[in-house]
Amino acid sequence: MRRCWIQDPVTGDLIPKEEYRGPSVSKGAYIVPDIQGYQSQATGEWIGSRSQHRDHLKRHGLIEIGNEKQVNKPREPDRAGIRRAAEEAVRRVLG
C-alpha cells in the first residue's frame, strides 16, 4: 500500500499525511479594518471611513475602478458587412 507524505514547510521533514498538523488557522471571525482616510479627487473633501466612502460615491455618482459590474452583451453580427467581405474575397480570388 502506498503512503502519502507531506513536507513540513518549516523543518523540511516528510511527515505521513495522517500525522501532519499544518500551521494553525484561526477559526474565529475576521474583522475587516476600516479604510485609511483619503482626500476625494472629485471634491477635495476628506473621506475618513468606509461608510463615508460609500456615501460619497453614491452622492457624486462615482464608481471604484475594478468594482464596476461589466455587462457583456453579445453583439449582433453585421450580416451586411460579412456579406460584403465575402463577396470581396470571392472577387479577389476568382478575378
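The chain has a radius of gyration of 30 Å, whereas a compact globule of 95 residues would come out near 12 Å. Here the radius is taken over C-alpha atoms, and the globule rule is 2.2 Å times the number of residues to the power 0.38. This is a predicted model, in which local features need pLDDT of at least 70 and side-chain atom pairs count only at pLDDT 80 or more, while totals for chains, interfaces and linings use all residues. Residues are numbered from 1 along each chain as its sequence is written, and side-chain values use heavy atoms, with hydrogens and water left out.

## The chain as a whole

Let's start with the overall picture. The C-alpha trace spans about 75 × 65 × 20 Å along its principal axes. There are 2 helices and 4 strands, arranged along the sequence as β-β-β-β-α-α. These elements are DSSP runs numbered from the N terminus, with helices being H or I of at least four residues and strands being E of at least two.

How much of the chain counts as buried? The share is 11% of the 95 residues, where buried means under 20% relative accessible area, exposed means over 50%, and partly exposed lies in between (1.4 Å probe, protein chains only).

As for charge, the chain carries 17 positive and 13 negative charges, and their mean positions are 7 Å apart. Lys and Arg count as positive and Asp and Glu as negative, leaving out His and the chain ends. Each charge is placed at NZ of Lys, CZ of Arg, CG of Asp or CD of Glu.

Now for some individual residues. His-56 lies in helix α1, which covers residues 50–60. Is His-56 buried or exposed? His-56 is buried, because its relative accessible area is 1%. Beyond four places in sequence, His-56 touches Tyr-38, Ser-40, Ala-42, Thr-43, Glu-45, Ile-47 and Leu-62. The side chains of His-56 and Glu-45 are also joined by a polar contact of 3.3 Å. A polar contact is a pair of N or O atoms within 3.5 Å; within protein, one must be able to donate a hydrogen and the other to accept it, and residues adjacent in sequence count only if both atoms are side-chain atoms.

Ser-40 sits in the loop between β3 (38–39) and β4 (46–47). Its relative accessible area is 6%, so Ser-40 is buried. The side chain of Ser-40 reaches the backbone nitrogen of Ala-42 at 3.1 Å. Not counting residues up to four places away, Ser-40 touches Glu-45, Ile-47 and His-56.

Trp-5 belongs to strand β1, residues 5–7, and is partly exposed at 46% relative accessible area. Leaving aside neighbours within four places, Trp-5 is in contact with Leu-14, Ile-15, Pro-16 and Lys-17.

Trp-46 is in strand β4 and counts as exposed because its relative accessibility is 56%. With residues up to four places away left out, Trp-46 touches Gly-37, Tyr-38, Gln-39 and Gln-52.

Gly-95 follows α2 (79–94) and counts as exposed, with 88% relative accessibility.

The table lists C-alpha separations.

| Pair | Apart in sequence | C-alpha to C-alpha |
|---|---|---|
| Trp-5 and Glu-64 | 59 residues | 45 Å |
| Trp-46 and Glu-64 | 18 residues | 17 Å |
| Gly-95 and Ala-80 | 15 residues | 22 Å |

Conventions: Contact means heavy atoms within 4.5 Å.
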